[in-house]
2 protein chains.
Amino acid sequence: MASISATPQSLAFPSDAGTDFHAWSAERLAQVEALLERWVPPEAPAGLGAAMRYAVLDGGKRLRPLLALATAEAVAGVVPALGDAAWRAACAVELIHAYSLVHDDLPCMDNDVLRRGKPTVHVRFGEAQALLAGDALQALAFELLLPADGGGMAPALAARLCRQLVCASGWQGMAGGQAIDLAGVGQLLDQARLEDMHRRKTGALLLVSVEMGAMAAGADEPALAALRDYGRALGLAFQVVDDILDVTADSATLGKTAGKDAAADKPTFVSLLGLAAAQAYADALLARAHEALDVAQLADARHLHAIADWVVRRNH
Amino acid sequence: MASISATPQSLAFPSDAGTDFHAWSAERLAQVEALLERWVPPEAPAGLGAAMRYAVLDGGKRLRPLLALATAEAVAGVVPALGDAAWRAACAVELIHAYSLVHDDLPCMDNDVLRRGKPTVHVRFGEAQALLAGDALQALAFELLLPADGGGMAPALAARLCRQLVCASGWQGMAGGQAIDLAGVGQLLDQARLEDMHRRKTGALLLVSVEMGAMAAGADEPALAALRDYGRALGLAFQVVDDILDVTADSATLGKTAGKDAAADKPTFVSLLGLAAAQAYADALLARAHEALDVAQLADARHLHAIADWVVRRNH
């Protein structure tokens, strides 16, 4: 467990997020890291485990796990018991995210060499092992939701969480969005098509983080509906801000290659709307996220408000 | 539905399998093809659906679906209702198999251009789309087991089938075996290590086909244990025969590139044991599979016996 840092670089939340949120997120991040450390198997054979762990551990903002946990706590009013459904959902969605990054970085996709401040998985382990590690991480995500002993989850909850995650990951969600992205290089998508692409490509996993956290905590349907509005606004805001950072931040701050969308001639919110209008759009989406939380009438939505603020105000 | 052939080329079972088995398998294959045609979504965006369907439809021996269905029928004594758990399991395992072939054929893995008698997916659609199609097919496999309306399955059965399939697909199973294979190129594995590799790489999916068929049909534990012995023997026999065919058959008969293992300096049962001893080993495994079926005391195991015969006597 030596690789778990109590205060990883990814914890650089803006100070106006409040001390309370900072302390909460630092604790949750350390717990998520410890669970991933336990659940991503070093014993996977022939170097596969090393590649999987390299792809997942010691890096990343862990935005999706934090969203899942903040939602579960907001709904239930208490911290989930370590290892239960909310934690499994939090780690499962992070594994899907990690697999998608590994495959996205491959030479036949974005051909990227830097990720989370480190050489990408294929640079470190070779393309074939990176391909397999991504494949195995996708499977592991569902394995986490289906522990041999049931993990204290009713089978109906486990099946529901799996279904949400698989739909968010596959052709209707992330993989479908990546295909649109692939086809869209050099094309001028209009705003509706660009939003449809991002709703699938990055939005679906952010939304499902909120959905799974809510389901794990037993949210009722009205709260779930409002939380979905929050998740959708947050997901879109995340991408708009990503596009802004791609042109305003440098690679060292981002921990990945800056300016690559513009270099690849990819359509972005900045290329479509201009920088000022993109920023205004991100602010409007942030307001929409806050409003959805007010509608949801949760026990304590402070951390979900803070995450939305962070998504729009982050510098990496 | 025009693409469903009533008698695809893959139905070339040896005549000594008996007319009964031939008729049964022809009917099941047509039904599996119709379900895959329905379930692999043409509406997946930006060409992703076309690539997914190209990877899955109109090809393949469909050994795994036949195994799942034959097992379900052997246990329950009746044909499963079309669309129920056994059919979903049969198609789900075929999707995992199809995704693994797409990724395995990529230039960074086996770099193969011919599969099921057609250009491989990346040759036809490009590497990036092939990567995404494989990823989306893996997700779709689990989606099939988790239909929105439950598909008439109890959540506990759906969760159990998902768990079996995810463990067979991931680091403990297929992906782990592929990593060993990758590391083993040019190395002399001993027989125990070669068998461990194949138990994971191809055996796990064949075994899980049997397991899922048995579970979908409500097999009791003693029958399930005996069927697992059958599945393990069959899985190993399948690989031994694959290695034999790799050196004795031509590409046209195989529908894929012949002699590629030898060319890649990969360890095989033939390189390890020699051709005659490998054939004797396959025959011994066939006998073990038949014996396991006798132990299982099923309602009607004829088709499972016939599939084992086919696996060892096939010429492609």
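**Entry 1. Chain A overall**

I began with the contacts in chain A between residues at least 6 apart in sequence, and 72% of them join residues at least 24 apart. The model is predicted: local features need pLDDT of at least 70, side-chain atom pairs count only at pLDDT 80 or more, and totals for chains, interfaces and linings use all residues. Residues are numbered from 1 along each chain as its sequence is written, and chains are lettered from A and ligands numbered from 1 in the order in which they are written.

I listed 15 helices and 2 strands for chain A; these are DSSP runs numbered from the N terminus, with helices (H or I) of at least four residues and strands (E) of at least two. I then looked up burial, and 54% of the 316 residues of chain A count as buried. Here a residue is buried if 20 or more other C-beta atoms lie within 10 Å of its own, exposed if 12 or fewer, and partly exposed in between.

**Entry 2. Relation of the two chains**

The same surface serves both copies, as 100% of the contact residues of chain B recur in chain A.

**Entry 3. The interface**

I found 43 residues of chain B in contact with 43 residues of chain A. On the chain B side, α2 (48-56), α6 (127-145), α7 (155-169) and α8 (174-184) are the elements that give two or more residues. Of these, α6(B) gives the most, with 12 residues. By class, this side of chain B has 30 nonpolar, 9 polar and 4 charged residues. The nonpolar class is Ala, Val, Leu, Ile, Met, Phe, Trp, Tyr, Cys and Pro, the charged class is Asp, Glu, Lys and Arg, and the others, Gly among them, are polar.

I next examined B:Met52, which is in helix α2 of chain B. B:Met52 counts as buried because it has 32 C-beta neighbours inside 10 Å. Leaving aside neighbours within four places in sequence, B:Met52 is in contact with A:Trp171 as well as B:Val40, B:Ala44, B:Ala133, B:Ala136 and B:Leu137.

**Entry 4. Helix α8 of chain A**

Helix α8 of chain A (residues 174-184) is mostly covered, with 8 of its 11 residues buried. Among them I noted A:Met174, A:Gln178 and A:Asp181. The buried residues of α8(A) pack against α4 (85-104), α7 (155-169) and α9 (191-216) of chain A, and also against α2 and α6 of chain B.

**Entry 5. Packing of α9(A) and α10(A)**

I fitted axes to C-alpha atoms over the stretch in contact, with angles from 0 to 180 degrees between N-to-C directions. α9(A) and helix α10 (residues 221-248) of chain A pack at an angle of about 140 degrees, their axes 8 Å apart. That makes α9(A) oblique to α10(A); under 35 degrees would count as roughly parallel, over 145 as roughly antiparallel, 65 to 115 as roughly perpendicular, and the rest is oblique.

The residues of this contact of α9(A) with α10(A) divide into 11 nonpolar, 6 polar and 5 charged.

Key:
Contact = placed C-beta atoms within 7 Å.
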